[in-house]
Amino acid sequence: MSDSRIEQLKGIFFEEAEEGLETMEQGLLELDEGSKDPELINTIFRAAHSIKGGSGTFGFSELIEFTHSMESLLDAMRSGDKAITTEATSALLESVDHLRALLTDARNNDPIDSESSRPYIDRLNAILGADDAAPSNAAAPAQDASARAAGWNIDFKPHPDLMQSGNDPYLIVREITGLGPAKTTVDVSNVPSWDVLDPENLYLGWTIRLEAAAEEQQIHDAFAWVDDQADIRVEPIEAKPVAAPEAAPAPEAAPEPSPKKAEAAAPAKPPAAPKPRSAKAGSSSIRVSIDKVDALINIVGELVITQSMLGQIEKDFDMSKLEKLRDGLSQLERNTRELQESVMRIRMLPISSVFSRFPRMVRDLSRQLEKKVHLELSGESTELDKTVMEKIGDPLVHLVRNSLDHGLEAPADRLEAGKPETGRIELNAFHQGGNIVIEICDDGRGLPTDRIREKAISKGLMSADDTSSSTEKIHDFIFHPGFSTAKEVSDLSGRGVGLDVVRKNIRALGGSVEVQSSPGEGTKFTIRLPLTLAILDGQLINVGDETYIVPLVSIIESLQIDGKQVNAIAGKAEVYRLREQYIPIVRLYDLFGIEGGERKLDGGLLVVVEGDGQHAGLLVDDLQNQQQVVIKSLDTNYRRVDGVSGATILGDGTVALILDIPGLIKFANDRSRRAETPRLPQDKFALN
Amino acid sequence: MDGLDVNAAEGQLLTFLLAGEEYGVDILRVQEIRGWDSATRVPNTPRYIKGIINLRGTIVPIVDLRERFNLDRVDYGPTTVVIVLKVVSGETSRIMGIVVDAVSDVYNLSSEQLRPAPDFGGSIDTEFIEGLMTVEEQMIIVLDIDHLLNSGDLAVAAAA
């Protein structure tokens, strides 16, 4: 097998191991909450076993050793020899974290520090009752004497069906011979005659004489994945072979646990904090459900049919076939649109992959803060673009931490306030219009409006005699940089860096975040995100000879200007009165320096847009059709342009710019603020 | 095609005409040469940036080299072409187009032929010129496109 193939298989192993870890974590959390489902512990056990097996195949002996101890405890719990205690689940959960760290090391080809696993293994064994865990790798050093020998005779007789389970004896033999100088003999005596030979069966056996002082465990590790599919005998080579007693027992996945010792076992000290690991960004991949791929294939099939139909019409075209041609073209359009939607859907993943990290986080944090919290997730199957998903994780974590730390009160305070002792945090995701909405609600004490007000005044964000500001407006100050009202800085939050970063990150994704809160009843953060970053519904507008695209989501309405409603403030800033609201008018031709374009306001077209909570009316010449446009970046080959979020290619092959409404409003405001200063000198960078 | 003695070459130059002068760029940087077609103007950019075009799905900015060098503007004619170039700046490479009067020739370049540009006494900046070369009594100005197309409004750092 070539190296690249092994690398590919390793990649699959790591992905599956990651999924296995998640399964284990979820299962353990459910156990922790008192679930009695026997299938649950089986699931956890299987996940651990798969990771162990895969580790064996690729020779990660430290991983095998570690998962083996987890497996032992899980097996004892499965068979009922061991009670499912909080202590055990906690130890296992921490082990899952450690295993994840080990896997990351293995994936990055960093050396694995097997010593770091020791405290975890000790703790697991302590719970299990270490002394009886006979052949366990963590066994007492007393075994060391016999486990170390001058060499080993290994007899490996795989069952015929070994290869059908995906195991490759070559890898195992190589693993063993890699331990030191070895002599391998192949036993071909079982190979049947040609006419009865089944090529999918394995008829070979191996005898390996390993002349190296390897530990017995290392040898067993190599067979970890096949120990139930082969007869394996490992005997030490000694000076007096006759004296060799019944040598090491065959490896068992599950050592005999001892119920008696269980209670006596003292928990080991929790291991030191794991060193932080930087997850190196590998090439990312997504798993796509087969339904989506099938849908795609269907549509491509239809597309091919449409294409051949159009080809037929084209062959000997006359005017009588015009109707057919038109039908064909409209079918082509439909196919193309469906194809586009299906392809986009491939990038869409359920948000559960983001949500799934929260049960664990909330559990750990609530212990740390000594609060009782019930986390409720809903809408996990809501689908979201992968890029958006990757970037929304951190802001969400921050908001959930905030709710836990600041929002929810301590149990005693809650009881005093007449609320149930256990607080609630809800995470909810759903579609609304062209957006994904994610809500984070808690039933805590709510935002301290007065404290925020004081702070805002002290920071000069609002004047002290301003009493007209609405509560919402005051609450919005918490998204300002350096704004924290926490009385004491905690480990988790309250350093004043945070909510402004949350808002910034969400805005960078083209979304928005708002907060609603009522005292004593709780706080709700609402995040709105675009479904995808690649495609947008746009309204085509004309200014002079130029065509621009306004994102449909930012348009409130379009209207014809009634000259009587136009007012000018200080003779310059023009505003339009729309239902008792004054909207600043932005003359696009002026802002963008376009020659031509409608200058007269009366009777002109005004597109009322909203961005970042601000309204503006864009004066345009004409409104064209609405269409979906694919967003292309300007930065790739040029740079960012104020008021423009990107470009797209229209049906006729020309390029049109997509307006960035919040940026445009800001740009227009800045412009009018320095209205006295002359326009940008056009050739300021030119030579000379 | 006199100069095309590949064996002696250290590199090849594509030359083009701009207000009667012949300029050269490294031919390996040339992605393609296309006829002038209208570009979409980008608001609030210097006039020498003609706009952006669609190059098979990629958005590519177009620079008018006459205006970049403050030469007189002329109407675009049938020989006006856009030379699409790969511009390297640091670790990134970008695709840009330059509008020139006409393409001229391809010459071999050897470093001995390349003379440093004299100081023009302030009338023209020599910083974008890699050197001068003479081929058959004709002077060719060899441009440093990486520097030229990373300056001013085109600089990568401008993406603030």
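Me: How many residues does the contact take from chain B and from chain A?
Reply: This is a predicted model, and in it the contact takes 29 residues from chain B and 28 residues from chain A.

Me: Ok, and which elements of chain B give two or more residues to the side that touches chain A?
Reply: Those are β4 (49-55), β5 (58-64) and β7 (92-100) of chain B.

Me: Which one gives the most?
Reply: That's β5(B), with 4 residues.

Me: What's that side of chain B like by class?
Reply: You get 15 nonpolar, 8 polar and 6 charged residues on the side of chain B that touches chain A.

Me: Switching to cores. Which residues touch the most other members in the largest nonpolar core?
Reply: That core has 73 residues, and the ones touching the most other members are A:V550, A:L618, A:L659, B:I52 and B:I98.

Me: Take A:V550, what does it touch?
Reply: Leaving out residues up to four places away in sequence, A:V550 touches A:G538, A:Q539, A:I541, A:I555, A:V607, A:V609, A:L659 and A:I661. Another core, of 52 residues, lies apart from the largest one, and its members include A:L31 and A:A88.

Me: New topic: where does A:E25 lie?
Reply: In helix α1 (residues 3-32) of chain A.

Me: Is A:E25 buried or exposed, and why?
Reply: A:E25 is buried, because it has 21 other C-beta atoms within 10 Å, and 20 or more counts as buried.

Me: So what does A:E25 touch?
Reply: Not counting residues up to four places away in sequence, A:E25 touches A:L93, A:V96 and A:R360.

Me: And how far apart are A:E25 and A:I44?
Reply: They're 19 residues apart in sequence and 8.2 Å apart in space, C-alpha to C-alpha.

Definitions and conventions
Residues numbered from 1 in each chain as written. Chains lettered and ligands numbered in written order. Predicted model: local features only at pLDDT ≥ 70, side-chain atom pairs only at ≥ 80, totals over all residues. Contact = placed C-beta atoms within 7 Å. Nonpolar A, V, L, I, M, F, W, Y, C, P; charged D, E, K, R; others polar. Core = buried A, V, L, I, M, F, W, Y, C linked by C-beta atoms within 7 Å. Buried ≥ 20, exposed ≤ 12 C-beta atoms within 10 Å, placed from the backbone.
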